[in-house]
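Here are my notes on the helix packing and the sheet. Have the model open while you read.

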Amino acid sequence: MNQEQAYSPFTAQTPCPCCGAFEGILVSTIDGKTDEKLLTVSCNGCGLGRIDPMPTESELEQWYESRYRQAYKGCEQPRMHYVLRAARNALDRYQWLLHRQLLRENGPSLRTLDIGSSSGEFVSLMVHKGHDAHGVEPHRGYAEYAQSMGLQVANGSLSSTLQAHAGKSFDLVTMFHVLEHLADPVSALRRIGACLKEDGILFIEVPDATRFTSPKYMFFKAHTLYLTPGSLQNVLRCAGFELVRLSEPGAGNVRWAGTFRGVSAQAATIPHSHELVTAQERRRWAPYLLHQAQKGEPFGKLAKRYGEKRVARRFDSPRELMDHVYGVPALLPGLTSPAPGARAGHAA
Ligand SMILES: [Zn+2]
């Protein structure tokens, strides 16, 4: 993007899905993966980053149903080293909840829903811990893969699934790297609120749009929203959620956990700043390359991937691999020994 266009005031074609404002600052004009034209705007009203024009819900649903995983992951079903990485991520997220007293090890069995459950690693972990765990995944191949492992994962769009689950039945709803793909996050979150029990917890993780990346990489078509700790909090307040726990800054992702109160903050009263603009101004090639060199990249990533492949090779099936990562399952009510098929293991 040339300097004349950079960070100029901009009137968007479609309104901000959080506060309704059209006015913003243009942050980027290019899709970093394809080099096609793609406009990204930071909202003057609430600081939320979004692409403009925003696609419709049905355009996005069609895209996710079939194309997304092939376009960006290159395969229909997960390879074993992806399962290993996803299982380790699932365990890390579970432990985040435990350490913040939002979940108890060996506590009562909870009814949980993982939205965008992918190949089902978090659902599988919650089953492993003795919970009545459900998932929903828009991609048919991944949903069928999770179902083939005996998991209660529905294949369908977010809207149709939430309609089916409305009625305050879940103790915990999780959504990892999903919110940044939605066109209308506030109404989706309100529908999720309607699925949560009184004092049920919503746990969200999104990529932190202020993280230090290459100047080119940050903006691409699969993400409709660019969330920062501040703008994520704004979107959730608008939808009627109240914060209980927020992750420390600088981790690359933002984790947010809270409860649904049903009382929306007025968009006009939301304090905002252009965190996205400040972060993009910091992204320059020379400091980025120096930062990569100091971190030992790209060799660190290659070594990590090689290590994952080496560990994954030791297992015959995803089930066996996940049991190893998740360790000994919690005893289910009425059982005096670990559930059938469970085996002792160590956190990988
Ligand atoms: Zn806004």
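**Notes on packing and pairing**

1. Start with the α3/α12 pair: the two helices cross in a right-handed way (right-handed if the near helix is turned clockwise from the far one by less than a right angle, left-handed if anticlockwise). Helices here are DSSP runs of H or I with at least four residues, strands are runs of E with at least two, and both are numbered from the N terminus. Bear in mind that this is a predicted model, where local features need pLDDT of at least 70 and side-chain atom pairs count only at pLDDT 80 or more, while totals for chains, interfaces and linings use all residues. Residues are numbered from 1 along each chain as its sequence is written, and side-chain values use heavy atoms, with hydrogens and water left out.

2. Helix α3 (residues 80–99) packs on α12 at an angle of about 30°, the axes being 10 Å apart. Axes are lines fitted to C-alpha atoms, for helices over the stretch in contact, and angles run from 0 to 180 degrees between N-to-C directions. The pair is therefore roughly parallel (angles under 35 degrees; over 145 is roughly antiparallel, 65 to 115 roughly perpendicular, and the rest oblique).

3. Who touches whom? On α3 the contact uses M80, V83, L84, A87, R88, A90 and L91, and on α12 P318, L321, M322, V325 and Y326 (contact means heavy atoms within 4.5 Å). By class, that gives eleven nonpolar residues, no polar and one charged (Ala, Val, Leu, Ile, Met, Phe, Trp, Tyr, Cys and Pro are nonpolar, Asp, Glu, Lys and Arg charged, and the others, Gly among them, polar).

4. Now α4 (residues 121–128) against α12 (residues 318–326): the angle is about 60° and the axes are 11 Å apart. That makes α4 oblique to α12. This crossing is right-handed. E121, F122, S124, L125 and H128 of α4 meet R319, M322, D323 and Y326 of α12, a set of four nonpolar, two polar and three charged residues.

5. On to the sheet, which is open and mixed, with seven strands in the order β7-β6-β5-β8-β9-β12-β11 (two strands pair if DSSP finds at least two bridges between them). β7 (152–155) and β11 (241–246) are the edge strands with a single partner each, so one side of each has no neighbour in the sheet. Neighbouring strands are turned by 20° against each other on average, direction ignored.

6. At the β11 end, five bridges join β11 to β12 (residues 253–260), and the two run antiparallel. E242 sits opposite T259 of β12. Helix α8 (residues 229–239) lies across β9 (196–207), β11 and β12, at about 20° to β12.
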